[in-house]
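The following briefing concerns a single protein model and is arranged by topic. Please consult the sequence and structure shown here alongside the text.

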Amino acid sequence: QVQLVASGGGLVQPGGSLRLSCAASVITWSYYMDYTPIGWFRQAPGKEREGISCIATNGVTYYADSVKGRFTVSRDNAKKTVFLQMDSLKPEDTAVYFCATSDYYADSGCRSHGHWGQGTQVTVSS
């Protein structure tokens, strides 16, 4: 399985911003950053993991309603990295954020392959 690592989380006040990064945990897996869809997921305390955003290999993006207009996903193939820019953060955005190789569906976004690496904690609090 291909495991990706999310990083860049931290503590931020409501209305603030963070940019998360996603990269392969093993250098030989970097290929998948270019040639597979990448999904962003989060898991809040006591809740199931949910998909929030994804980006297809052709650059088409998807956003869950809960983050639409506030989050932006992008990819830098040269750096073998996918980013999640999070603006106007809310306390309800507090969660552990994960990225994973996924399958992309035009109507519903990404479905993870289920190969989870380490997530990064995002805490939005005043």
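Cys54 is buried, at a relative accessible area of 0%, where buried means under 20% relative accessible area, exposed over 50% and partly exposed in between, with a 1.4 Å probe and protein chains only. The model is predicted, so local features need pLDDT of at least 70 and side-chain atom pairs count only at pLDDT 80 or more, while totals for chains, interfaces and linings use all residues. Residues are numbered from 1 along each chain as its sequence is written, and side-chain values use heavy atoms, with hydrogens and water left out.

**Cysteines and the disulfide**

- Cys110 is likewise buried, with a relative accessible area of 12%.
- One disulfide is counted, the term denoting a pair of cysteine sulfur atoms within 2.5 Å.
- The disulfide is formed by Cys22 and Cys99, whose sulfur atoms are 2.1 Å apart.
- This link of Cys22 and Cys99 is right-handed, with 95° about the S-S bond.
- Because Cys22 belongs to strand β3 (residues 18-24) and Cys99 to strand β9, the pair ties together parts that are 77 residues apart in sequence; strands (E, at least two residues) are DSSP runs, numbered from the N terminus.
- Cys22 counts as buried at 0% relative accessibility, and Cys99 counts as buried at 2%.

**The open sheet**

- An open sheet is formed by four strands in the order β1-β3-β8-β7, with antiparallel pairing; two strands pair if DSSP finds at least two bridges between them.
- The edges are taken by β1 (4-7) and β7 (71-76), each of which has a single partner strand, so one side of each is left without a neighbour in the sheet.
- From one strand to the next, the twist averages 20°; axes are lines fitted to C-alpha atoms, and angles run from 0 to 180 degrees between N-to-C directions.
- Six bridges connect β7 and β8 in the antiparallel sense.
- Val73 stands opposite Leu84 in β8.

- Asp93 is located in the loop between β8 (81-86) and β9 (95-105).
- Asp93 is buried, since its relative accessible area is 0%.
- The side chains of Asp93 and Arg70 are joined by a polar contact of 2.7 Å; a polar contact is a pair of N or O atoms within 3.5 Å, where within protein one must be able to donate a hydrogen and the other to accept it, and residues adjacent in sequence count only if both atoms are side-chain atoms.
- Not counting residues up to four places away in sequence, Asp93 touches Arg42, Arg70, Phe71, Ser88, Val122 and Val124, contact meaning heavy atoms within 4.5 Å.
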